[in-house]
Amino acid sequence: MGCMTTSQTPIAMTIAGSEATGGAGAQADLKTFQALGVYGCLALTCIVSFDPKNGWAHRLTPVDQQTLRDQLEVNTTVYDLDAVKIGMLGSPDTIATVAEVLTEQKPRRIVLDPVLICKGQEPGAALDTDEALKAKILPLADFVTPNHFESLSLSGLEAIDTVEDLEKAARIIHERSGAAVLAKGGVRLDGDDAVDVFYDGQTTEVLSAPKIGEVQVAGAGCSLAAAVTAELAQGRTPLEAARAAKDFVTRGIEARISSHAPFDSLRQINRLA
């Protein structure tokens, strides 16, 4: 309807979980949108807080389905959304709700950051969630940003140890989904560079930047997908969005926030800062 959209500012919605420390999840998505000149709105799926007393495991509280549906309803009614990012969904019920609304609304440019196994779930429940995500959400996506583990799961490969393996995974995921793929090798592959691979059915491009620091950085994956979403919302091509997102995350890792946890937090830096 777009009845209240009054400016030419691109608008994006994230469908994601809250991550209390601010490094990842919906907080990271909204900060990324803001830094890249896109107005962000949110449909919250769950609330996650790390447990410092239990190895920093995820404590997860789901948002009930009606509350989720209400958020999706108001955001899709109030705005003509230029892009939608899907982050942590967390359960087959949430996946079904989101798939139903997005199939109905058909928003332009859906970016899926396919959060598969959540550390706070039992293996059986996690597997049910993974299968539902692949069946109901993956086919809706225009762009997918799997991490190393998710690339293994979505491609069916036994191992991804080299850039060539990552390229193969990206091709398989594209063939299975029809989406542009940015497969995140990040720091998982050997070598001095953090490497991601873009593939859209025509172009393969390896995006690399020197690895920075010794500890993991929370929010790098979320922010990469959110940056892709923001760039697509502004009319960039998928390849342009992938390149810009890689630069954005590299800057954010350089400016990361150190913490008492065994990981740092990515800082979402305005491109003009």
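**Exercises on helices and rings**

Helices (H or I, at least four residues) and strands (E, at least two) are DSSP runs, numbered from the N terminus. You're looking at a predicted model, where local features need pLDDT of at least 70 and side-chain atom pairs pLDDT 80 or more, while totals for chains, interfaces and linings use all residues. Residues are numbered from 1 along each chain as its sequence is written, and side-chain values use heavy atoms, leaving out hydrogens and water.

**Exercise 1.** Work out how H1 and H7 are oriented to each other.

*Solution.* Start with the geometry: H1 (residues 25-35) and H7 (residues 220-233) pack with axes 9 Å apart, at an angle of about 40°. Axes are lines fitted to C-alpha atoms, for helices over the stretch in contact, with angles from 0 to 180 degrees between N-to-C directions. So H1 and H7 are oblique (under 35 degrees is roughly parallel, over 145 roughly antiparallel, 65 to 115 roughly perpendicular, the rest oblique). Next, look at who touches whom (heavy atoms within 4.5 Å): H1 brings Gly25, Ala28, Asp29, Thr32 and Phe33, and H7 brings Cys222, Ser223, Ala226, Ala227, Thr229 and Ala230. Last, sort that contact of H1 with H7 by class: six nonpolar, four polar and one charged. Here Ala, Val, Leu, Ile, Met, Phe, Trp, Tyr, Cys and Pro are nonpolar, Asp, Glu, Lys and Arg charged, and the others, Gly among them, polar.

**Exercise 2.** Describe how H5 packs on H6.

*Solution.* Begin with the numbers: H5 (residues 148-155) and H6 (residues 163-177) have axes 9 Å apart, at an angle of about 55°. That makes H5 oblique to H6. The crossing of H5 past H6 is left-handed. Now list the partners: Ser151, Leu154 and Ser155 in H5 meet Ala169, Ile172, Ile173 and Arg176 in H6. Those H5 and H6 residues split into four nonpolar, two polar and one charged.

**Exercise 3.** Which rings pair up, and how do Phe143 and Phe198 sit together?

*Solution.* Count first: there are four aromatic pairs (Phe, Tyr and Trp rings, the six-membered one for Trp, with centres within 6.5 Å; planes under 30 degrees apart are stacked, over 60 edge-to-face, the rest tilted). The rings of Phe143 and Phe198 have centres 6.1 Å apart and planes at 45°, so this pair is tilted. Phe143 belongs to strand S6 (residues 143-144) and Phe198 to strand S8 (residues 193-199), so the pair links distant parts of the chain, 55 residues apart. Phe143 is buried at 1% relative accessibility (buried is under 20% relative accessible area, exposed over 50%, partly exposed in between, with a 1.4 Å probe and protein chains only). Phe198 is buried too, at 0%. Elsewhere, ring pairs join Phe50, Trp56 and Phe263 into a cluster.

Conventions
A crossing is left-handed if the near helix is turned anticlockwise from the far one by less than a right angle, and right-handed if clockwise.
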